[in-house]
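Q: I have this model open and want to go through how the chains meet. Can you walk me through it?
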Amino acid sequence: MSADIRAHVLDAALRAPRATQGRAPDVFREGGWVPMREHPNDEAVDFVIVGTGAGGGTLACRLAELGFSVIALDAGPFFRPLEDFASDETEQTKLYWLDHRIVDGANPITMGGKNSGKAVGGSTVHFAMVSLRFRPEWFRSRSALGYGADWPLDWHDMWRYYTRAEQALSISGPLTYPWGPKRPRYPYRPHELNAAALVLAQGAEAQGYRWTATPLATVSAPRGRSPPCVYRGFCRFGCATNAKQSALTVWIPRALKAGAEIRDLAMVGRIETDGRGLVTGVHYQRSGGWHFQAARNVVVAGYAIETPRLLLASTTQRFPQGLANSSGLVGKNLMTQSNQAVFGRMRREVRWYKGPPSLSISEHWNYEDRKDFFGGYCWMAQGPLPIEWVTVQTGARGLWGEPLRREMQYYNHQVGLKMVGEMLPDERNRVTLSDEKDQYGLPVARITYSWGENDKRLIEHALQQMQESLECAGVSHLFRQEDDTNHLAGTARMGFDAATSVVNSDCRSWDIPNLWVCDGSVFPTTGGVNPSLTIQAIALRTADRIKQLASRGELV
Amino acid sequence: MSKNLSWEALAGLAVLGAVGVAALAAPRRRAARAAPTGAQTVVVARRLNRAAGTLAACVLTDSAVEHYRGSFHNKSMYAPLASATLNLASSLHGTADPRAAAHYGRNTISAIAVVTGLIGTAFHLYNIGKRTGGFSWQNLFYAAPIGAPAALGLSGVLGAAAERVRNTPPGAAPRILGAPAGRMLAAISSIGLFGSMGEAALLHLRGAYHNPFMWAPVGLPPIAATLLAATVVAPTPRLRAVTKASLNLTALLGFLGMGFHSYGVSRGMGGWSNWGQNLLNGPPIPAPPAFTALALAGLTALELQAAHHER
Amino acid sequence: MSAEVRFPGYDVLAKHDGKSWNEATRRTLDARMSVPRQPRFFDPAQWQTLCALCDRIIPQPQGKEPVPLAAMLDARLLSGRTDGFRRATLPQQDEAWRRGLAALDTEARARHGAAFHELKTEDQEQLLHKVQGGEVSREVWGDMSSQEFFCHRVLLDIAAAYYAHPTAWNEIGFGGPASPRGYVRMDFDRRDPWEAAEAHQGEEEQARRDNQRVR
């Protein structure tokens with residue numbers, strides 16, 4: 001066995017489950033533990049939640065705080081960032097979902113760090129912390145803007161839950177946000193801007209667009225046991241500082257305190273249903289064996305690939321197309337977000353590896369409708385680390401040999417702008433089950449994706465705008481990265497009726513009243529901003545709705 | 001550039017500053033009481049020297065740390081260090097000097113501090129203004145602080161005031177720029193306290209007032225400063241008594257602030273062992289005693305008022 | 001300016017025991033730098049081809065210890081750690097690499113009458129450009145696209161191995177691992193004393209002195 005692998009296997013969190021025997025890791029202390037309530041497999045708990053990320057982690061916390069018995073399972077390990085996270089791009093791929101998947105279509109999606117997570121806390125453990133609200137009109141994009149589908153949620157309602165999510169995550173953001181309806185002040189102040197972020201500002205000012213410090217889920221001052229951000233720049237590879245306000249450091253500790261049980265390294269392979277057509281629990285693999293956990297309700301929160309994969313794999317005679325799939329929409333309308341970029345070089349030293357990568361943002365084109373395509377996009381400053389950066393050079397420009405090494409020499413002078421753009425829902429973009437099996441013996445997901453004409457127009461517009469912005473800021477040697485995507489959504493969309501959606505506004509399945517979906521899969525459209533805050537706001541709302549339904553006796 | 005200033009030198013400055021603060025701020029009641037009545041103005045002047053020196057020590061250590069953080073990229077960033085060091089030395093000299101006559105060297109050094117403070121303020125304003133975003137919250141939070149050079153200027157003003165008071169002919173009431181010294185000093189100290197409060201308010205806003213004690217320097221000093229300003233208009237003994245109490249509390253607060261800021265530094269990642277980062281990015285430990293210095297000046301003003309304009 | 005003098009004297013390993021590296025980082029990097037130099041995943045023929053290929057993708061300077069790219073890739077493939085997905089147009093990474101290296105060698109023999117690693121540098125480069133452009137023999141590559149193999153395996157994997165190594169970080173002036181200590185100075189043209197100093201024209205010695213103080 002190689003030394004490189006040995007280092008990997010040494011990782012205690014990956015070797016065996018940590019959350020056992022009445023205790024779970026204390027994420028704020030090396031080797032620390034906190035007490036954890038446990039339930040036997042045959043005890044039908046109120047809620048079993050599959051996944052502990054932005055959706056599942058948030059929901060587990062709130063449901064437990066509202067008095068329900070909760071078990072949240074995650075296929076990934078339970079890390080303690082202080083002892084488990086190396087400052088290393090390669091090593092930290094252990095945070096990604098690297099189980100086998102097949103990608104195809106005209107524009108196959110690159111899976112991994114930018115759209116998955118396999119750890120307690122899900123992808124929030126390595127997300128870029130960008131915490132933005134949707135533009136209100138996006139919740140009615142069909143009726144107000146003419147594309148996509150309307151959400152069964154009212155933006156006023158969402159605005160309240162956004163505020164609660166921002167408070168809970170101590171978002172560090174500007175004193176006033178330049179776009180959209182008024183929002184309360186962010187709990188923490190914006191971070192200092194690095195040089196890369198200032199380039200965005202200079203470009204935007206020259207173009208006459210507004211810009212601002214990006215609201216980020218990493219604290220700019222101490223908060224509880226989180227020290228302030230030290231600007232180490234490895235945010236997307238796990239925050240070893242614990243300044244990041246992830247599900248792992250915010251929702252999970254609260255959930256444990258409120259009595260939720262977390263099961264790490266527990267891969268759910270199948271949801272069980274009974275003769276009445278209700279779910280009864282989940283089959284999961286942990287410590288090498290398969291187990292069955294009974295539950296009165298099951299919430300699937302595995303994100304836009306794993307959620308439909310589990311629903312599709314849980315077929316029965318009664319549900320031959322998979323669970324919650326009478327509409328046939330489970331796995332369909334997969335959306336990613338366009339993540340193209342323009343990069344260039346400056347005479348001055350920029351050293352973009354310092355600080356969170358996306359410290360400044362312009363949402364101009366999310367709020368400006370005079371354009372010849374549907375949807376919006378924002379762009380943010382960039383700070384790729386060396387491997388990410390060389391991947392851009394080889395991928396976007398096909399460089400190798402001396403030209404590659406020469407180009408890499410300019411690393412400390414490089415700047416860039418990267419978009420997060422809205423792609424439109426399309427039923428042909430989808431998740432299906434292939435014939436191949438993964439290490440658990442479960443069918444592997446096949447992810448099919450092709451950009452539509454509108455997507456391409458939006459991307460071209462954004463590339464031109466970003467290029468102009470960098471030119472205005474005096475950046476030279478510009479080139480485009482034209483094929484990147486990030487984030488996922490849409491494979492179990494919420495809607496107004498059972499025929500055209502998978503879940504209702506409460507994230508409750510139309511077909512099976514004790515089956516719920518709570519993650520980015522429920523998005524009918526994906527908007528032009530990073531989705532994590534919206535997922536968390538929806539989870540907060542769902543918890544409140546479940547409590548209301550329970551008090552009215554409307555749960556199963 | 002940082003190359004020229006080693007950590008050892010920086011640590012040395014910090015120690016020097018701390019010693020200065022300690023030496024200047026330590027109560028010298030006994031000495032004051034023992035002084036002959038004819039030398040009352042000298043005693044007061046020496047107290048003012050002490051206040052000026054405390055402020056200079058704050059400025060010295062704070063600007064050393066902050067300008068080191070700024071890599072001394074502009075040579076003029078050494079100026080406040082030099083000026084504050086001179087002012088600290090001159091204040092120590094004045095504190096120890098029993099003579100009842102102004103000192104040419106101390107006068108000059110005070111003038112230099114005032115000028116340096118003014119230029120520094122202009123520099124900092126220019127610096128904020130030219131940054132992308134101009135006078136935005138972002139730049140007010142993270143660009144050069146406006147109030148810091150003003151503190152150097154104030155320490156010069158206090159030093160100069162000490163010389164004016166010291167120069168008072170026997171039997172006469174001390175005056176500064178033609179005004180009664182007690183009232184004048186009260187006004188100066190009051191303005192200084194308001195300024196420091198403004199700086200603390202801004203930077204504590206940047207810290208999101210995450211600790212409730214961060215409200216203290218925003219709550220107490222303005223009360224003291226307002227009362228002090230009131231004594232300029234109506235210097236009654238009763239008002240002075242209340243003012244004195246609030247100034248004593250403010251002086252204490254400055255010292256406690258150093259403790260709180262040290263705690264803040266320890267909360268940074270890696271705590272004190274990562275001091276190379278946390279001393280620079282954490283709350284500035286030398287900043288709070290500026291309140292102590294200005295409170296000391298205010299207390300001296302009250303004494304002058306009591307001694308020369310009794311009602 | 002050549003690669004080696006842009007950050008003269010800068011060695012990110014000087015921070016190995018300092019405030020910028022935590023235990024998990026030391027464990028990871030120590031293991032990476034001591035990776036066995038012999039093949040365990042590839043057979044000897046594939047290994048020779050791979051070594052020659054690595055030299056073309058990332059030509060390394062003479063006179064200092066090269067980054068063991070082939071060994072790093074061999075170790076990774078042996079570990080079974082993948083990208084987590086494969087394009088439907090490519091086989092699994094193990095198979096893609098084995099087939100791709102064999103195909104490269106076969107192409108070399110067909111065009112130049114010698115194994116890939118025996119070719120002159122220019123011939124190797126020329127052949128790789130053809131592989132990158134898809135101008136290859138269908139019989140040799142079968143249903144595997146040489147372009148996709150080159151773009152999504154060769155470039156991705158070899159470049160990622162190189163820029164995972166401290167030697168590469170020294171070359172480009174990357175700060176390297178950073179925890180518990182991060183960075184303080186964020187503005188243009190500012191460096192923390194523990195960052196690489198770039199040698200500006202006429203100030204090479206100053207940069208070298210600064211870099212020797214990096215801890």
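A: Start with strand 5 (residues 102-104) of chain A, which runs parallel to strand 1 of chain C and is joined to it by two bridges. Strands pair if DSSP finds at least two bridges between them. Helices (H or I, at least four residues) and strands (E, at least two) are DSSP runs, numbered from the N terminus. This is a predicted model: local features need pLDDT of at least 70 and side-chain atom pairs pLDDT 80 or more, while totals for chains, interfaces and linings use all residues. Residues are numbered from 1 along each chain as its sequence is written, and chains are lettered from A and ligands numbered from 1 in the order in which they are written.

Q: Which residues in strand 1 of chain C stand opposite Ile102(A) and Val103(A)?
A: Ile102(A) stands opposite Arg86(C), and Val103(A) opposite Arg87(C).

Q: What sheet is that part of?
A: An open sheet of four strands with mixed pairing, in the order 16(A)-17(A)-5(A)-1(C). Strand 16 (430-437) of chain A and strand 1 (86-87) of chain C are at the edges with a single partner strand each, so one side of each has no neighbour in the sheet.

Q: What lies across strand 16 and strand 17 of chain A?
A: Helix 9 (residues 303-313) of chain A, at about 65° to strand 16 of chain A. Axes are lines fitted to C-alpha atoms, for helices over the stretch in contact, and angles run from 0 to 180 degrees between N-to-C directions.

Q: How many residues does the A-C contact take?
A: It takes 59 residues from chain A and 55 from chain C; contact means C-beta atoms, placed from the backbone, within 7 Å. On the chain A side, helix 1 gives the largest share, seven residues. That side divides into 27 nonpolar, 15 polar and 17 charged residues. Ala, Val, Leu, Ile, Met, Phe, Trp, Tyr, Cys and Pro count as nonpolar, Asp, Glu, Lys and Arg as charged, and the others, Gly among them, as polar.

Q: And B with C?
A: There, 11 residues of chain B are in contact with nine of chain C. Helix 11 (residues 275-281) of chain B gives the most to the chain B side, four residues.

Q: Switching to chain B itself, how do helix 3 and helix 7 pack?
A: Helix 3 (residues 40-69) and helix 7 (residues 147-166) of chain B pack at about 165°, axes 8 Å apart. That makes the two helices of chain B roughly antiparallel, a term for angles over 145 degrees. Their contact has 18 nonpolar, five polar and two charged residues.

Definitions and conventions: Parallel < 35°, antiparallel > 145°, perpendicular 65-115°, else oblique. Contact = placed C-beta atoms within 7 Å.
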